[in-house]
Amino acid sequence: MSDKRSQFPLPLSSVTGKGDTRAPAPQPKVATPQTATQNAAQHANRQPLPKAVFQAPPVHNTGYNDNTPRRAPPAPSGVPPRAHALVSDAVRQAMVQRVAQQGVKDALVLQAMGTVPRHLFVEPGLSAQAYVDASLPIGHHQTISQPYIVARMIEVMRNGAQLQRVLEIGTGCGYQAAVLACVAQEVYSIERIKPLHELAKANLRPLRIPNLRLHYGDGMLGLPQAAPFDGIILAAAGLEVPPALLEQLSIGGRLVAPVGAKTQHLQLVVRTGKAEWTSEVMEAVHFVPLRPGTV
Ligand code: SAH
């Protein structure tokens, strides 16, 4: 699926909690824009540039297959890696501007979106489209979420507060988890499809994000050993919010989830007491389905 693992034989301990029965002790440090940008710059020459990003055609979630080769073509010779990083930085800032124009106001979220190198989370063949405001295929019939939606959900969950512990259901390629790690002290993310869990680990390894833990499992059950969470985000749509997740919210905690079948809406659930939750239906969205069990 990817040759990234052999290129980055870095310790996995920073991005995986695999095999743990208890979540590892949290690291105090939150990823900084500088760290991620530096790491991205170091590794930017592995992937083709998002050079034609503004000319890229609109992307739809159809017409892809899982056989797309994931091996990056060799970097063009004579182009310094730093130049690649600068180009991707410029197109990323343009993406952030578009996200802000669509109504996201939270400066911390916008800063995080401007920090995480989204092109490292998509297949090399799609990296020219990495900063277009669209979801893109990541294999296994799943998608990396549209940048605006990623930012909007985090903004709604955060509500301007300092987040201590956050849970994401549906790691996918790991992009939203990396963004979350810029705005919360500790982030846990669960994925039910083993190869995607592995892909996320490989994608995240070069970024060395110390406050992010990836878990392979059924996110509908949450992560009781790390609960309670003051924020929970679901990146896949169920017919209802799984009850276990409601129970794992701290009092005052906020959960944001796409809910529905054919028509889906973002739902914000706030835990207001031990046995009290309020719920608010927000904008229409389109997500892949939330499914039980693991594969
Ligand atoms: N967070 C990703 C989006 C991934 S798409 C991003 O950054 O763009 C949604 C993901 O949810 C898929 O990978 C899918 O496999 C996963 N998923 C669906 N049901 C799940 C469940 N019960 N537990 C964990 N992951 C689940």
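**Around the ligand**

Tutor: Start with His-141, which lies in the loop between β1 and β2; helices (H or I, at least four residues) and strands (E, at least two) are DSSP runs, numbered from the N terminus. The phi angle of His-141 is near 60°, a positive value in a residue other than glycine. Most residues other than glycine have a negative phi, and most peptide bonds are trans.

The model is predicted, with local features needing pLDDT of at least 70 and side-chain atom pairs counting only at pLDDT 80 or more, while totals for chains, interfaces and linings use all residues. Residues are numbered from 1 along each chain as its sequence is written, and side-chain values use heavy atoms, with hydrogens and water left out.

Now the ligand. There are 26 residues around it, and Ser-145, Gly-170, Glu-191, Gly-219 and Arg-291 come nearest; a residue counts as near if one of its heavy atoms lies within 4 Å. Some of the contacts are polar, meaning a pair of N or O atoms within 3.5 Å. A backbone N or O atom of Ser-145 is 2.7 Å from a ligand oxygen, and one of Gly-170 is 2.8 Å from a ligand nitrogen. A polar backbone atom of Arg-192 lies 3.4 Å from a nitrogen atom of the ligand. Taken alone, the ligand exposes 570 Å², of which the protein buries 99%; these areas come from the Shrake-Rupley method with a 1.4 Å probe.

The ligand sits in the largest pocket. A pocket is an open set of points on a 1 Å grid over the protein atoms alone, with protein on both sides within 12 Å along at least five of seven lines, and a molecule sits in it if more than half of its atoms lie within 2 Å of its grid points. Two or more shell residues come from each of β2 (142-144), β3 (163-169), α6 (175-183) and β4 (184-191). β2 gives the most, with three residues.

Helix α6 also takes part in an aromatic pair. Phe-121 and Tyr-175 have ring centres 5.7 Å apart and planes at 70°, so the pair is edge-to-face; rings pair if their centres lie within 6.5 Å, and planes over 60 degrees apart count as edge-to-face. Phe-121 lies in the loop between α4 (107-115) and β1 (136-139) and Tyr-175 in α6, so the pair ties together parts 54 residues apart in sequence.

Methods: A polar contact is a pair of N or O atoms within 3.5 Å; within protein, one must be able to donate a hydrogen and the other to accept it, and residues adjacent in sequence count only if both atoms are side-chain atoms. On a 1 Å grid over the protein atoms alone, a cavity is a set of points where a 1.4 Å probe fits but cannot get out, and a pocket is an open set with protein on both sides within 12 Å along at least five of seven lines; lining residues have an atom within 4 Å of a point. Rings of Phe, Tyr and Trp (its six-membered ring) pair if their centres lie within 6.5 Å; planes under 30 degrees apart count as stacked, over 60 as edge-to-face and the rest as tilted.
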